Amino acid sequence: MALRAGGRLVDFLVARHVLLLVVAVILTVFSVGPARRLAFDQSIESLYAAENVRLKDYVEGKSLFGGDEFVFVAYTDPDLFTEEGQDRVDELATKLGDVQGVVPDSIQSLSRALAITKLPFFKSRRGELIEFSRGVLLGPDDQTTAVALRLLEPHESPVPRAESLAQIHRIAAGQSIPTFVVGEPVLVHDMFRYAEDDGEWMGWAASGLLVIVILFFLRSLRAVILPFVIVQFAIIWTKAVLYQSGMQLSMVSSILGSLVTIIGVSTVVYMSLYYQKLREETDRVTAFRQTVKMIGADIVWVCLTTAVGFGAQLSSHLHPVRSFGLTMVIGSLLVLLAMTLVLPGGFLIGPERAKPQRPRGDREVNQSLQGLSHWVLCHPWRVSLSCVALMIVGLFGLFRLKIETDFSKNFRSDSPVVKGLDFLETKLGGAGAWEVNFPAPEELTEEFLVKVRRLAAKLREIPGERGPALTKALAVTDGLDLIPTIPLLSGTLGAKVSNLNRIQPEFVPSLYNPKHQRMRIMLRAYERQSSEDKQRLIDDVGEIARAEFPEAKVTGLFVLLTFLIESLLHDQMTDLILGTISLITIMTIAYRSLWMGVVSLVPNVIPIVLLLGGMGWLAVPVNIGTAMISSDTMGLTIHDSIFYISAFLRARRSGLNFPDALHLVQSEVRQPLLYSNLALIVGFLVLATSHFVPLIYFGVMVSVAIAGGLAVNLLLLPLLLQLGERWTFRPVAAPEPSEPQEPAQNV
């Protein structure tokens, strides 16, 4: 029954190959527009689960005080305190205040702070105002200054965040003195921008390298064009489906093109090589029919296992991870659709050599693979014990993994954002902005403010490696203490608050919300420090604050970015377990054997354990690019096992004994998989040129995972098949005449 159904499908593909190709082209033409309109979600909040306590505190803090999305435009001016230097600061502040997307009243500058001293009652306060500004608007060298501004929330801004930051950068570039634009909103924006831009560019660059490698080895233009077309069609269709579904690409799913390339290239190149082998003895139509009948089911299982592997991430609590999982499920299935529509016409339309050329190194590669297979079977204990030893070493390395919380490490050291961060944190103060907020009375009292002063003083005394751990702790009392006590004018607390509101309209509202009875102390800390130091500082601030105000909360972008990787890792163990169970289940169904289901996955788990364990031993921290590498790569590296096991079982059922079946599989399956894997490794190494460090990690680690999966499959899979021979193989009669044979081996 299955053979008859498969035969009818092949007849349909051959008879309608032109129509199917036309359908693929039409679908692509109609999908280009929606694919281009697909938006990119650049919300840092989306990288946390909705029920996450830190996210809830952050959202609450933003609703109470307007958030802490501050940007600093900083430079060093030896003439800072001259009239010309102050005019320069004031001119810069005025230009920045006109930028769309900036809160106009939020502009803070040294010139505006010192302008208060022109008032009669503040002339004697100049020194105090300078010290008040130090660490935010003025550096310890009395030459470095910054203009601070706060960005509107994206949904409140009249222009996109990217446009506001672009205007700020243009103003900074127009300064006569080298000027840097720094701040956590800049870090977050550049992270998403690099992920989007570099992800798109690297996808094309990787495809270009793949084309070169495939053309060199296979010497067939058709074998180059087909995977490229199928991958691009599948990517465009996937983006169009996402757009029509109202979804957005997230930072996690920016690598969509790269992963679809793995699926498409590995399967199409394998199929092309299989087809070329058959073309040496038959005409093109017969070769295509036999190719589909022989390995068509394998390709279906490859796409399904990939979809199932990524589908495990639908259980995540994080929207971007769920979105990524759904995106890759759609992409995996659309690769299968693209192959169904494109490959028949791709193989059967157009001129073709009467006898295709063999791939470069065909004989040498074949002999090497046969020799390796023979050596493995002759030294089973040596290979097995080596794998076990490596697994143990890898497992111990997992306990040494550390999380990267220095957000600037996501960028190359020579990138503008890191240079700006270094400048700010070296010459001015910490770039990390956050807060501690706590209950406050509806009307301020002296008794309450005494507690606020005491808390601020304790926070400033927290020690760090470079002096105080906090480079600034700004409380409402700092502003009130600057107002001189003058009878009738500012003799009472209420009068001081009124005077402060007239001088700095946003100062008190940004720190105190009487309606919701909440107050905050704004904090600045170094962004560039170790994860241990950051977490220790956050814990210390919380402990000190709760000693004074038991309901105090510590929050802010600094806190969210510190625990970002931890958030991404939260569900990965669950996703990995679900993915493992799902893949074993689907392969058990495919082969009707639990042992084969386990065998198909075991060789692909080892490279992942070795990869992550190696990171632990080499002290390579887990960043955004590596946080989900385990669950991502498992569904990708299982391809080799599927093709290998399927070919082995076909060979055994055709009547070949174990050594002969393995000999046939090594030349007919391992050889094309070797070429396709080599093409993928070279293609993904191009990600090492990215500006975004997590993409570099991702590209290198996927390449290592592919190479490791290939190596472990070559060494371990023959032994596992030999071990399970008595459970998995049942002798059968010779195949019926209608069933196609394996292509002849070439030694």
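The lining of the second largest pocket counts 23 nonpolar, 7 polar and 5 charged residues; here Ala, Val, Leu, Ile, Met, Phe, Trp, Tyr, Cys and Pro are nonpolar, Asp, Glu, Lys and Arg charged, and the others, Gly among them, polar. The model is predicted, with pLDDT of at least 70 needed for local features and 80 or more for side-chain atom pairs, while totals for chains, interfaces and linings use all residues. Numbering starts from 1 along each chain as its sequence is written, and side-chain values use heavy atoms, leaving out hydrogens and water.

This pocket has a volume of about 730 Å³. Among its 35 lining residues, Gln108, Phe132, Leu137, Gln504 and Phe507 are the closest to its centre. A pocket is an open set of points on a 1 Å grid where a 1.4 Å probe fits, with protein on both sides within 12 Å along at least five of seven lines; lining residues have an atom within 4 Å of a point.

Helices (H or I, at least four residues) and strands (E, at least two) are DSSP runs numbered from the N terminus.

Strand 1 (residues 70-76) is joined to strand 2 by 7 bridges, and Thr76 has Thr144 as its bridge partner; pairing requires at least two DSSP bridges.

Notes. Grid points are joined across faces, edges and corners, and a volume is the space filled by probe spheres set on the points.
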